[in-house]
Amino acid sequence: MDLLFVLLINGLATGMLIFLLAAGLTLIFGLMDVLNFAHGGLFIWGAYSGVWMYHVTNSFTVGIAAAIVTGLVIGLVTEKVIIRPVYGNHIQQILITLGFMLVLQELIKVVFGPSQKAVAPPAFLEGSFMVGDIVLIKYRLFIILIGLVVFFVFAYIFKQTRIGLIVRAGVMNKEMVQSLGINIKLVFMVVFMVGAALAALSGILHAPYSGVIYAEMGLEFSILAFIVVIIGGMGSFKGSLVAALLVGCMQAFMAYYVPSLSLATNMLLMVIVLVFRPQGLFPVKG
Amino acid sequence: MNSLLKLNQVEAYINQYHILHNISFDVREGEVNVLLGRNGAGKTTTLRTIMGLNSVSKGTITYEGENIANEKPHIIANKGIGLVPEDQGIFADLTVGENMSVAMKQENAESTKRLEWVLELFPDLKKFWRKPGGQLSGGQKQMLAIARAYVNENELLLIDEPSKGLAPVVVEKVTESIQQMKDQTTILLVEQNFLMASQIGDRFFIIDNGETVHHGEMEALKTDKAMMKTYLGIS
């Protein structure tokens with residue numbers, strides 16, 4: 001029972017990291033119809049810039065802020081320079097964003113060096129505590145907490161604010177949103193930047209979780225994020241959370257019980273969803 | 001009477017297809033102007049082109065004296081033109097209230113007054129305020145689409161086939177609502193249902209094969225059987 005609980009906490013923490021990455025991806029796809037394969041590049045830039053600032057200032061909070069700012073800035077440049085010329089053309093989007101992902105990955109090596117970097121959690125999040133016989137690792141609980149805060153803040157924005165309603169409406173019918181006098185391109189840009197900031201946040205939170213960061217991890221993690229977006233339903237924020245937690249938990253349990261099938265199980269889950277519910281678990285209605 | 005909107009020799013393409021060949025007409029302030037024509041004549045494309053959703057390849061579209069051809073749709077909308085599209089464009093996952101919130105450009109005394117007026121006109125919208133738009137009936141969706149366009153102080157409403165797919169009793173209700181709006185805003189209506197169009201229209205423009213071929217007073221068209229047969233297929 002204790003083991004199951006520990007695995008569950010591990011799964012939820014991994015799931016929350018994937019959720020932060022997938023949330024931006026699903027919004028960008030749902031609203032802008034853009035397949036952004038460069039999303040993993042924002043994840044690694046968030047991780048590296050955040051860790052660099054964390055080490056320079058010795059403050060993890062400043063590191064998180066730096067990662068978010070990096071995400072916003074790279075997001076702005078990516079949307080304006082890379083994405084804007086290829087709106088409406090999926091093939092070009094895949095090619096250019098995949099290429100840009102590789103550029104971002106290689107730039108990491110140029111700026112921060114090619115070797116892996118070790119990252120420890122900040123002192124206040126180090127170690128664990130016991131609840132009964134169960135060992136709870138502080139940093140994992142911290143990730144779950146941040147993930148939940150992000151989810152509820154965004155859920156509030158989407159449900160209670162006009163800008164949130166506009167984004168949801170834009171996912172459903174872009175032309176109608178424009179016809180109501182709303183500058184959809186500006187909305188696109190803001191959503192892209194926020195999605196990029198979430199990816200960067202996921203990157204910096206992932207760094208102390210895995211203990212090491214390296215340039216190729218963006219591509220690895222973004223595959224999981226794409227699986228989550230497909231399972232949850234393209235454009236669905238809630239779907240991304242549920243699917244990410246599902247994928248995170250499955251990965252945690254499979255990695256313990258049948259390690260060799262860990263990634264294959266997620267792929268299998270995606271295939272099952274695609275066969276029986278191709279629109280995903282929480283489809284967005286047009 | 002002043003011309004609010006004037007199309008002059010407008011041509012437009014959808015992809016490689018030349019849809020509008022020569023569209024010219026003017027919409028007078030305070031009137032209901034009806035675009036008539038057979039299926040595929042180019043009526044919907046004309047509305048979409050005015051709204052900036054299709055680009056103009058030739059000609060001018062003048063609104064309040066300013067050429068708005070090829071302006072972005074949100075700029076055109078903010079000049080005071082509202083669109084009720086053929087498919088109603090309801091945001092299915094948003095409630096009726098949320099659909100209205102997205103539409104309302106600002107919340108002030110005037111917009112609140114307009115909202116109250118429109119909810120009085122369509123009590124179903126008030127009743128189903130918290131219901132997702134996708135769960136409304138066809139008629140209620142049409143009412144929501146019209147209400148959404150009307151709630152802002154738009155001087156011109158472009159309404160595309162409001163009677164399409166609706167039961168006769170609902171068509172009557174929609175007709176009545178457009179008649180009431182007529183006092184407060186100018187309307188350019190696309191309508192296949194000639195009975196409805198003739199009840200509320202002041203003037204008509206017939207579009208055939210992407211060209212405006214006739215125009216005049218609606219009263220005159222009602223008695224012109226030959227024209228109705230030739231261009232509208234009504235005998």
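I start with a term: a salt bridge here is a side-chain nitrogen of Lys or Arg within 4 Å of a carboxyl oxygen of Asp or Glu. The model on the screen is predicted, so local features need pLDDT of at least 70 and side-chain atom pairs count only at pLDDT 80 or more, while totals for chains, interfaces and linings use all residues. As for conventions, residues are numbered from 1 along each chain as its sequence is written, chains are lettered from A and ligands numbered from 1 in the order in which they are written, and side-chain values use heavy atoms, with hydrogens and water left out.

Two more terms before the pairs. Helices (H or I, at least four residues) and strands (E, at least two) are DSSP runs, numbered from the N terminus. Buried means under 20% relative accessible area, exposed over 50%, and partly exposed in between, with a 1.4 Å probe and protein chains only.

How many salt bridges does the structure hold over all chains? There are 14. Take B:Glu66 and B:Lys79, whose side chains meet in a salt bridge at 3.0 Å, N to O. B:Glu66 sits in strand β5 (residues 66–67) of chain B and B:Lys79 in the loop between α2 (73–78) and β6 (81–84) of chain B, so this pair ties together parts that are 13 residues apart in sequence. B:Glu66 is partly exposed at 37% relative accessibility, and B:Lys79 is partly exposed at 25%.

Another pair in chain B is B:Lys182 with B:Asp202, at 3.4 Å from N to O. The link joins distant parts of the chain, 20 residues apart: B:Lys182 is in the loop between α7 (168–181) and β8 (186–190) of chain B, and B:Asp202 is in the loop between α8 (194–200) and β9 (203–208) of chain B. B:Lys182 has a relative accessibility of 23% and counts as partly exposed; B:Asp202 is also partly exposed, at 23%.

Next, a pair between chains. B:Arg48 bridges to A:Glu175, and their closest N and O atoms are 2.8 Å apart. That pair runs from helix α1 (residues 43–51) of chain B, which holds B:Arg48, to helix α7 (residues 174–179) of chain A, which holds A:Glu175. B:Arg48 is partly exposed at 25%, and A:Glu175 is partly exposed at 32%. There is also a network of salt bridges that links B:Asp26, B:Arg28, B:Glu31 and B:Arg203.

On a 1 Å grid over the protein atoms alone, a cavity is a set of points where a 1.4 Å probe fits but cannot get out; a pocket is an open set with protein on both sides within 12 Å along at least five of seven lines; lining residues have an atom within 4 Å of a point. Grid points are joined across faces, edges and corners, and a volume is the space filled by probe spheres set on the points. For linings, Ala, Val, Leu, Ile, Met, Phe, Trp, Tyr, Cys and Pro count as nonpolar, Asp, Glu, Lys and Arg as charged, and the others, Gly among them, as polar.

The largest pocket has a volume of about 520 Å³. It is lined by 18 residues, of which A:Arg168, A:Ser236, A:Phe237, A:Lys238 and B:Asp93 are the closest to its centre. Its lining divides into 11 nonpolar, two polar and five charged residues.

How many cavities of 30 Å³ or more does a search of the whole structure find? Two. The largest cavity has a volume of about 60 Å³. Its lining includes A:Leu25, A:Phe29, A:Asn36 and A:Phe226. Helix α9 of chain A gives the largest share, three residues, and the lining divides into eight nonpolar, one polar and no charged.

The second largest cavity has a volume of about 50 Å³. Among the residues that line it are A:Met176, A:Ser179, B:Lys105 and B:Arg148. Strand β6 of chain B gives the most, with three residues, and the lining has six nonpolar, four polar and two charged residues.

Last, the surface. A:Leu3, A:Leu4, A:Tyr256, A:Tyr257, A:Val258 and A:Leu261 form a nonpolar patch with about 530 Å² of accessible area together. Patches are made of residues with over 30% relative accessible area and no salt bridge, like charges being joined within 9 Å and nonpolar side chains (Val, Leu, Ile, Met, Phe, Trp, Tyr) within 5 Å. Accessible areas come from the Shrake-Rupley method with a 1.4 Å probe, and for residues only the protein chains shown count as cover. A:Tyr256 lies in helix α10 of chain A and is partly exposed, at 46%.
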